[in-house]
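Open the model in your viewer and keep the selection tool at hand. The stops below follow the charged side chains.

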Amino acid sequence: MRTLSWKQADGTALKVCDMTDQELLRIRQRLITQLAVFKLQTGENSLSQLTLDYLDEEVAERGIYPND
């Protein structure tokens with residue numbers, strides 16, 4: 001079971017394993033965008049890449065095929 005959580009706008013934490021498929025894909029896409037912006041601004045990779053890798057594992061385990 002995955003235990004990583006995502007902090008929501010209201011401050012509550014939502015565990016990755018408890019996310020709906022749609023929430024997981026939305027958060028994954030948001031993180032991809034944030035990582036790209038960070039790379040463009042700094043020329044460096046962010047440690048958030050590890051979080052994206054984690055989300056990608058969850059997507060793969062669920063058999064979801066994102067459109068990116």
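Select D21, E58 and R62: salt bridges link these residues in a network. A salt bridge here is a side-chain nitrogen of Lys or Arg within 4 Å of a carboxyl oxygen of Asp or Glu. This is a predicted model, in which local features need pLDDT of at least 70 and side-chain atom pairs count only at pLDDT 80 or more, while totals for chains, interfaces and linings use all residues. Residues are numbered from 1 along each chain as its sequence is written, and side-chain values use heavy atoms, without hydrogens and water.

Start with D21 and R62, where the closest N and O atoms are 2.8 Å apart. D21 belongs to helix α1 (residues 21–42) and R62 to helix α2 (residues 48–62), so this pair ties together parts 41 residues apart in sequence. Helices are DSSP runs of H or I with at least four residues, strands are E runs of at least two, and both are numbered from the N terminus.

Next, pick E58 and R62, with 2.9 Å from N to O. Both lie in helix α2, four residues apart, about one turn of the helix.

E58 is buried at 8%, D21 is partly exposed at 34%, and R62 is partly exposed at 26%.

Move on to R28 and D56, a salt bridge of 2.5 Å, N to O. R28 sits in helix α1 and D56 in helix α2, so the pair joins parts 28 residues apart in sequence.

Technical notes
Buried means under 20% relative accessible area, exposed over 50%, partly exposed in between (1.4 Å probe, protein chains only).
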